[in-house]
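Biologist: Could you walk me through this model, one question at a time?

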Amino acid sequence: MPGVRVLVGTRKGAFVLTSDEGRRQWQVDGPHFGGWEVLHVKGSPVDPDLVWAAPSGGWFGQLIQRSQDGGRSWDPVGNEFRYDGVPGTHQWYDGTPHPWEFAKVWHLEPSLTDRDTVHAGVEDAALFKTTDGGTSWQELSGTARARHRLVLAAGRRRALPAHDPAAPDRRAADLRRDQRRGRLPHRRRRQELAADQPRAALGGDPGRRRRGRALRAPAGDAPVAARHAVHAEALGRHAHRRRGRLLARGERQPAQRLRLPHRRPRPRARDGLRRADPERLHPLPPDGRLRVYRSRTGGDEWEPLTRGLPQEHCYVNVLRDAMAVDRLDECGVYFGTTGGQVYASPDGGDSWSAIVRDLPAVLSVEVQTLP
Amino acid sequence: VIRIVLPAHLRALARVDGEVQLEAGTVREALAGLEAAHPALRGTIRDPVTQERRAFVRFYACSEDLSHDPPDDPLPARVLSGEEPLLVIGAMAGG
C-alpha cells in the first residue's frame, strides 16, 4: 500500500513519521540517537528501506548511521572525514587565517542509482563521497582544489550536495548555478568539476544551458525533494545575511526576493502543484503568522497558504533543509519548525495540520514516498 | 583488566550496559582497546585523524583528572588492579 515516510532531524535526535496514502493518520517513531543533534536524515532513492542519518555533537563528534529497515534500527558506519591533501587555512570571521578542519556533516545525498554511494556536504566546506556503503569517505578532488573559493563564495563554511534525477550528479549543476550567481569563478570551476563529473552531468541539455535556466528540466515527477532542498538552502543563506529585510519583504514581494531560476510557466504535472512548485514553497513567519507561499505562475505571482497554520503569535523559524514534498498524485508538502512542529499538507498546500507539535527544534525534513 | 565507565551517549552507541572491561596499561591503550572492541566509538572520544582527545571529553580516575596527562603514562595502580574505574566524562558546558 503506498504511503509516505517523513524523516525528521532535530536538535536532540531523529524521528520517523509514517502514514498511508491519505496522510491523515500518522505514526511517530523516535527519538533515534537521543541527545545527538541530527542535522540530516535522508532515504536512498534506490532502496526505500535504506536510510542515512548524520548525528553529531559538540562532545563526541560526527557519526554516520545507516538503517536498512526504514529507520527502525540503525548501525554506525565510517565517520572519518579526512580532507584531501594539506587543507591549509581559510579566512576566519575576524579576517585572520584559520586552519581548515572538519566540523560536521550538514547534508547527506544518497545516489539515485547506486545504494552504496552517498555524497556528504560538510563544514568546513567540502564534499565527500562514499562508494562502499559508508565504510570510507573521500573528499572529491575538485572541491578540494576549490575549497577556499567555496568558503569565500558561500559566506558560510559548509557545502550541501543535491541530486536531480535528470542529472544523477546534479551536484555539478548546483555549483554551476552558484557560478552564474557570481559566487564561484566560472571557467576554472567548471574545469575542476570536469575532473570528477561525467560530461553529460556537467553540461546538461545544451538547449537549456542558457542564462536564467539554472537546472535541467526534471524527468517525470522525481526531483521534488532534492530540488526543493537546494532552494531552501539558498533561502537560508539569504535569511542569514539579510534577515530583517527578508521578513519585512516576505509578504509584499516574495517573488522578487526569491529570484527563482525558472521564469516561464511550465506544464502542470499534478493536481494542485506544478512540477517545479516545491522550489517555490517557502514558509515564512512574518508578523507572527506562519504561511507557506505558493506560485502557480513560475514565481511571478504568489499566494499565501494559511489554512491550518497559526496566524498570530507564531515566531518559529523554518531552517534551510526543513521542507520537502512527496511524490504521491496529490502532492503532499511537509515542513518542520524550530518550535518542534512538523506540518503536513496532503493537498498541495491548501490545508495544513501538525503531525507532531512538541519535538525538539527541527533541523531537517525529508520525505520518502513508499511503494 | 581495567574497568571503563562511558557516558550514556556512548554506552547507547556501543550498545553496552554498565562498564566495559579490557586489558590496558595506559589511556592510549585503553582507548585503542575500546575502539577495537566497539568500532562504533571510533572518532567519538578522540579525533580519528589527530588522535587528540575531544575538547569536551575528560578522563578521570581515583578522583584525579587524567585528561591532560600524556596518553602513554601508566594508569594509576588502583585502576590497573580493577579497584577503581577509568571514567570517560562528557564535560558539562552551557547554561
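Predicted model: local features only at pLDDT ≥ 70, side-chain atom pairs only at ≥ 80, totals over all residues.

Modeller: Residues are numbered from 1 along each chain as its sequence is written, chains are lettered from A and ligands numbered from 1 in the order in which they are written, and side-chain values use heavy atoms, with hydrogens and water left out.

Biologist: What share of the 371 residues in chain A is buried?

Modeller: Helices (H or I, at least four residues) and strands (E, at least two) are DSSP runs, numbered from the N terminus, and chain A has eight helices and 22 strands. Buried means under 20% relative accessible area, with exposed over 50% and partly exposed in between (1.4 Å probe, protein chains only). For chain A, the buried share comes to 59%.

Biologist: Which strands are at the edges of the open four-stranded sheet in chain A?

Modeller: Two strands pair if DSSP finds at least two bridges between them. The order here is 3-2-1-22, with antiparallel pairing; strand 1 (residues 3-10) and strand 22 of chain A, for instance, share eight bridges. Pairing on one side only marks the edges, and that picks out strand 3 (26-32) and strand 22 (362-370) of chain A.

Biologist: Which residue of strand 22 of chain A is the bridge partner of T10(A)?

Modeller: Strand 1 of chain A covers residues 3-10 and runs antiparallel to strand 22 of chain A. The partner of T10(A) in strand 22 is V362(A).

Biologist: Is R291(A) buried or exposed, and what does its side chain touch?

Modeller: R291(A) sits in strand 16 (residues 291-294) of chain A, and it counts as buried because its relative accessibility is 10%. A polar contact is a pair of N or O atoms within 3.5 Å; within protein, one must be able to donate a hydrogen and the other to accept it, and residues adjacent in sequence count only if both atoms are side-chain atoms. At 3.4 Å, the side chain of R291(A) makes such a contact with the side chain of Q311(A).

Biologist: And which backbone nitrogen does the side chain of E139(A) reach?

Modeller: E139(A) lies in strand 14 (residues 138-139) of chain A and counts as buried, at 7% relative accessibility. At 2.7 Å, its side chain reaches the backbone nitrogen of D84(A).

Biologist: How wide an arc do the buried residues of helix 2 of chain B cover?

Modeller: They are V27(B), A30(B), L31(B), L34(B) and E35(B). The arc is that of the directions from the helix axis to the C-beta atoms. These residues are on the same side of helix 2 of chain B, because their arc is only 125 degrees.

Biologist: How far apart are the C-alpha atoms of V20(B) and I2(B)?

Modeller: V20(B) lies in strand 2 of chain B and counts as buried, at 6% relative accessibility. Contact means heavy atoms within 4.5 Å, and beyond four places in sequence V20(B) has contacts including I2(B), I4(B) and L34(B). Though 18 residues separate V20(B) and I2(B) along the chain, their C-alpha atoms are separated by 8.2 Å.
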